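Subject: Structure handover: charged side chains

Hello,

Here is the structure for you to look through. Please open it first, then read my notes on its charged side chains below.

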Amino acid sequence: MVHRLASGGRIDRAQSLRFTWDGRTMTGHPGDTLASALMAAGEEVMGRSFKYHRPRGIMSAGVEESGAIVTVGAGDRRDPNVRATTQELYEGLTATGQNAWPNVRFDAGAVLSLFSRFFAAGFYYKTFMGLPPFEWGKGTGLWMQYEKLIRRSAGMGTASRAPDPDSYEHAHGFCDVLVVGSGPAGLNAALTAAQAGLDVVLVEQDFELGGDYLNQATEAAEQTRAELVAQLSAAGARVMTRTTAFGLYDYSVAGLLERVTDHLPAPDGALPRQRFWTLRAKRTIVATGAIERTVAFGNNDRPGIMTAAAGQTYLNRYGIMPGDRIIMATNNESAYGPAADLARAGAEVTLLDARAEVSDELKALAKANNILVRPGTAPLNALGKPAIDGLETVTADGTGWRPGEVENGDLILISGGWSPVVHLLSHRGLKPVWDAANACFVPPESDDPIHTAGAAAAIWRGEDCEASGRAAGAAAARALGKSAPEEAAPGPGGWATPIRPLYEVKLPGKKLKSFVDPQNDVGTEDVRLAHREGFVSVEHLKRYTTLGMASDQGKMGNIVGLALMAEALGREIPEVGTTTFRPPYTPISIGALSGRNVGSHFRPLRRTPMHDWNLANGGVMTMAGLWHRPWFFPRAKEGKTEAYIRETTTVREAVGLCDVTSLGKIAVQGPDATTFLNRVYTNPFAKLAVGKARYGIMLRDDGIVMDDGTTWRLSESDYFMTTTTAHAAKVMAWLEELLQTRWSDLKVHVASVSDQWAGAAVAGPKSRAVLEACLEDSSVVSNEACPFMAVIETTLKGGIPCRIARISFSGEMAYEAYVPSDYGPALMDLLWAAAKPLGGCLYGLEALGALRIEKGHVTGAELDGRVTIDDAGLGKMASTKKDYIGNVLRKRPELLRGDRPRLVGIFPKDRAQTFNAGTILCKADAVSGMGEGWITAVTHSPALGHWIGLGYIAGGHEAWQGKTAVAADPVRKGNIEVEIVSPHMYDPSGERMHG
Amino acid sequence: MASTQAERTSALAGSYTAGRFGMDGEAGVVFQEMVNLSLGLVAAWPDSFAAVAALAAEAVGAEAAPGPGKTVAGTKGALLRTEPLKFWIVGAAAPELSPEQGASLDLSHSRCHLRVSGPAAAELINRHLPLDLGEASCPVGTVMASAFHHVGVTLWRSEAGFELFLPRGFALSLWEILQDSAAQFGFEVI
Amino acid sequence: MTRFNAWNVFVNGLTGQKGWSRQWRDPEPKDHYDVVIVGAGLHGLATAYYLAKKHGVTKVAVLEKGWLGGGNAGRNTTIVRSNYFMPGNRAFYEHSLELWENLSHELNYNVMFSQRAHVSLLHSPAAVDGAARRYNTMQLTGSDGELWSLDELKRNIPHLNYGPNARFPIIGAAVQRRAGTARHDAVAWGYARGADGHGVDIIQNCEVTGVTREGGQVTGLETTRGTIRAKKVGFAVAGNTSRLWQMADLGNLPIETHKLQAFVSEPLKPLLDQVVVFGVGGAHFYISQSDKGGMVFGGDLDWYKSYAQRGNLPIVQDVAEAATSILPCLGRVRLLRHWSGVMDMSMDGSHFICKTPLDNLYLNAGWNYGGFKASPASGWYFADLIANDRPNPVIANHDLKRFERGIIIDERGAGPDPKLHG
Amino acid sequence: MIRIRCPFCGERDHSEFTYGGDGSIVYPALDAPMEDWVKAVFERENPRGRQLETWHHTSGCRAWLLVERDTMTHEIFSVRLAHEGAGRVIEEGT
């Protein structure tokens, strides 16, 4: 009978922790995992298997666990698929079983196991297509009905649908040496490196340092551990427990997951739940140990069957006697230690050893602890349901097996050999090599700055692991130019009598349910079926049977699967190959990977200096890339439409103010600045006078329009370039690329001044009056001093330096005024104080859009990365007198065709009608297919008194004189007839802005 | 800009109050916004670099200009070597340069200057910036540009702590994240 | 070959699954074939299948350097959709979707094509208009496509981030109901089994090491399993196209090889019933749930050219940030595995199915992100091209000459920068 | 994580940089024939192995770099500033 011992182990019996399991309250102690506490409480069934809903109990004591997988927590803090063997117990922990109804002990789903014979590997590829039995029908209709059921029965735990209330964070680290694992090898490696004067980080996934030291019964082991830990901190190493090195990436940069509060009943809200570290270490020491393998035999997935090492761990670390009559089955020496510990603790232990020969040393050890050893014996089939009561065995018969006796017992412990944890090396693309003598894959030689030590290098004896740790630490130190004691590193192995490879035990004609990957219910027969069907490559095997695809990524079962395929193919394991382990080593929360960059901080928010001012003055904001910009400024009960129509009208009739800070601004300086601009823009800049601005268009190398904007000449060698909001960063990087990689002979510097300057557009017939009221010297903006496209540098009242250009996006007389950003609010105060009395308004992006659409000015909606300068109706801006970027490729034949879509204006035929952007323009008699063009932008035009649009249509408006087109918008409001007109729908001659 | 009477409104204006926040105990981090930043950019051509460097050093009242990633504190201000051919001048006016010498710019309003100090300052900054802040690679006087949540920022380790220069438009957003992650250390805003 | 159907599943259940034979043979390469396809990925296998099934060309070999379906066929995020709107792409992907809809029956192999709807989230009026142009074009060309209001979206997917803390508030969605996901490995196996059934030799572990030419003709291929001669040769080796191209001494291609990561979470009970796509603020993210329960998701390329089939942390972070921002409940869901595949990124984000400077060499390449969903049509049109030695009008412009001609098939308008066409 | 040793900033995460493209391309003169431009803009050698490429230290010193990198292992063999003049200034240690 499983029970907690009165003494022993690393738990604190003085304190009790209350927790609930499936609603029942139980107690454990500090130092317990959820698994040890449940075991001590006598729980046997903790999970149900993926496919057949077979009962599953604790199979291990670590990250490889495939049985005791549960849901921890509740509500919006529910964590499905938690391995009970690694979940630290805390006061108030709530855990529930999963993939079962009503619960894991009595699961209705278990009925499925009756039909398991039909659920062989890949059966679902062979049916569910149509109407049974012969899959009649076509299409996906029937499959999707089946799929509903399949999805419901698949999956393991249930995730919460509520937002995760916890916070997470990223952290960056640097060190000389990263040591992964704090067992005998890791502790020694870290200590040696630290004592050599290196900056060492030691990470341990467990909540205690020590690795295998923690599983030992002897005082000596604990003393060694304690001393090493003490010396380590004395040597200044940085030690992180509850931290998993989940991946090793390029340049051996490690990803670490630190579990900060997962073990706390009520963590402080200021602490993140988990922390994701990116650690850059000069060298990495992998001391990750090894994982004990299972063997495939009948019912080897039953509760009451676990690894031999797990038995030892529950006894020595958690003070639990896991069984009274224990049957152990091994094929190697490692099980004798656990057997002896368990026997000493009072268990009756029978040890089946698949090997015919056992060393005298071990015989003596067994004898001394009156352990009955049966050489040449192996497990065939576990008996008893639900609890284990015995084991059918087989005995060696030459190379095969013959039926043996039935052993009685209540616990079966298995050691099928050990698999070094080489995952991190695998992440680096290093292929482990097969070590036949030790029947496992071992780390390969490599030039990477990585060392392996201890059981991770297939070194089995404790003292050898310690030595190999010291050797690895010293090697790392020497590689980094420090001196360290020379010590010969022990090689793999360490067992007196070699392991007898044992992966599956079977007898001819004996039907068994033997599992290779218990979590995914992959059995030995599935592997053989995959072979029969031609899925012989390991990757095919994995994918077809799902072997090793479960949440343990096949830590216990992969090698067994490989061995079975090798047997089927009559090859050796290395010929069949190994499977590549992908990061992460153990599953990690997506929240940790996201850190704080979620919710409102998913992307940083970019605010203009007038942000608060705009809000204070009633602005409604909208997104423009990462910016928030004013959209419209509603008055009284106005909605968006009323507001922008009023704003547009006010600009045309009086004056409006608009925050245009988000435009990109670039200082272009140097003696060759003019030459540079002349190559970058399609239109000439050579003769632009100081104190003048010019609208320019940039093409990409391929001749497609990249961006547009105005550039102001402040002095002979000093320009102020503006770009669109969307392309500011792109244009900046592009100019730098040209100057640094193509034209490094040009003496030009570019610098982003987007954040330096706050800008406002002052537009409308009364714009000059507004500026005059704000300037210290109002004469500088007179029509003479500041004609259309003039640039002046002056000062606003209060001595605010100000840069003004008379340019117009709205088509009205208008100015753009820029001041240093910290004066942005002051600028708006001044302008608004002057504009308000003149019947002016504040306007936002929506009105800005309406104004420019009326004028046929293009923006990102029209310049979508596919149009040429001619398409956009700006061909006259393509200089014929100079060479510039894109000038050659813009002349590719297809781009010069006259029937290409050209920029046009669009009126609804019935002026009372409205339409949408994104609408497809079709011939009136052919409203289908790809269409003749499309609408890019629409608005109600106060000036024209009806809705208008901009868009592109084949041949341009000339080709559509007197023809009717249909604007087709099936996804929204259907189709309307439209007239195609010139894009310059308002004041085409441009008198107003020159006025 | 001396003649200006108008008030400068910083990017963080009104977005915080001085005081003690986050975890109890000794404040691990101290934040101080350094308002009214004076920042100039000085750029040279390869062939004029030495001369311009000297002028820049003179402008801050220092012996010589600093090398890559270094700063010098002069009698009038500090000179930061931020780019291969460019310097930042903090606290002093940039020298006037002829086009043949190079170019200079006023960037005083383009950055928000935040001073981060306290025992956990480096740890906090490493929650966000992927920089090795160890003594060996980042002694006092080092200046580094890096990415803070996708935004390019400049970090200068001064005698007083870490001087963080945040692009003005993003400053408030980054300041919010900084406070979130500073809570675990306990922080003070002055 | 035993048919796949419920009856045989039942019978084999009773008879210990003994009735199932190999799904494809493991033949020794012959020294001559009418057509040799290089690359036993989805495109190569589908091509062989349609060559044999539709065009009666059965003396066909598909050469694979590793194991069939081992490239991007098994590394993608399994999304199938046809919401492309550029001329050529539109008709091509629509045809592909139609082939998908009956593929399980066509191949007698359940590829589990689940038409669970593909939902692209929209965050601004401009984005709605952009989507409208695309989805209008889809409807006008006989496909399905619709816009969902915010309410309709909330009804269908209640647990997206509609909260006040959403950095980019959702205002609606563009939806293709016929789109969805499929079981990627099954598609490769299904085509392999189908092609093999028609006599096609699928030769695995057979790497092409040289291309032998006589003037304007390919005469044969040097492989790790000997010389194989062929009347016609087709390349379908996305990710490694340039290398094979250069083996044939043909110079450079408008292709760069980049890597794309994919991610899967631990298996969960049903959490998401559609494919959801999120793209704003420079982010790009797509997610669906596999029938096994894993959340399958991905995002952008790693941004730098690479042939390495392993990902790096910055994109892992970006993708996770997008995941939790759009589906805040994913914070506690755990990532089980992430991996990466190498893809042909072309100069305009569109593919190549075309003739080449060599008379009897044909090219199938440049799939960017489109490869998985394209595979049925890709095989269909490539087989059609090889069998008839002329491009079908649908792919007439998907050739190598389109750049000098000035044909624009750039769905993203990103220009000639391969990394931007994800 | 690729670690790039920027000649000005020192070794940094590649996330601070923006990958440019093939650094071996010599862009033709602005008035060069169409074929030259088509080659330079649309055709790539796309080597698996060592290639010369450009990176922009976007979040660092804003320098465009010429990097020799293996596209399979990601190992970097050399890094230099694309701008020779600026490169010289750094090498001279000023």
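A salt bridge here is a side-chain nitrogen of Lys or Arg within 4 Å of a carboxyl oxygen of Asp or Glu. Keep in mind that this is a predicted model.

Over all chains, the structure holds 107 salt bridges. Here are some of them.

K510(A) pairs with E392(A), and their closest N and O atoms are 3.0 Å apart. This bridge links distant parts of the chain, 118 residues apart. K510(A) sits in the loop between helix 9 and strand 29 of chain A, while E392(A) is in strand 22. K510(A) is partly exposed at 33% relative accessible area. E392(A) is buried at 17%, because buried means under 20%.

Next, R543(A) and D185(C) form a salt bridge at 3.3 Å, N to O. This pair crosses between chains, from helix 11 of chain A to helix 7 of chain C. R543(A) is buried, at 12% relative accessibility. D185(C) is buried too, at 4%.

In chain D, R50(D) bridges to E68(D), with 3.3 Å between the closest N and O atoms. R50(D) lies in strand 4 and E68(D) in strand 5, 18 residues apart. E68(D) is partly exposed, at 24%.

There is also a network of salt bridges, whose members include R77(A), D79(A) and R332(C).

Which residues gather in a patch of positive charge on the surface? They are R117(A), K511(A), K513(A) and K18(C). K511(A) is in the loop between helix 9 and strand 29 of chain A. At 79% relative accessibility, K511(A) is exposed.

Best wishes

How values were computed. Residues are numbered from 1 along each chain as its sequence is written. Chains are lettered from A and ligands numbered from 1 in the order in which they are written. This is a predicted model: local features need pLDDT of at least 70, side-chain atom pairs count only at pLDDT 80 or more; totals for chains, interfaces and linings use all residues. Side-chain values use heavy atoms; hydrogens and water are left out. Patches are made of residues with over 30% relative accessible area and no salt bridge: like charges are joined within 9 Å, nonpolar side chains (Val, Leu, Ile, Met, Phe, Trp, Tyr) within 5 Å. Accessible areas come from the Shrake-Rupley method with a 1.4 Å probe; for residues, only the protein chains shown count as cover. Lys and Arg count as positive and Asp and Glu as negative; His and the chain ends are not counted. The place of a charge is taken as NZ of Lys, CZ of Arg, CG of Asp or CD of Glu. Helices (H or I, at least four residues) and strands (E, at least two) are DSSP runs, numbered from the N terminus. Buried means under 20% relative accessible area, exposed over 50%, partly exposed in between (1.4 Å probe, protein chains only).
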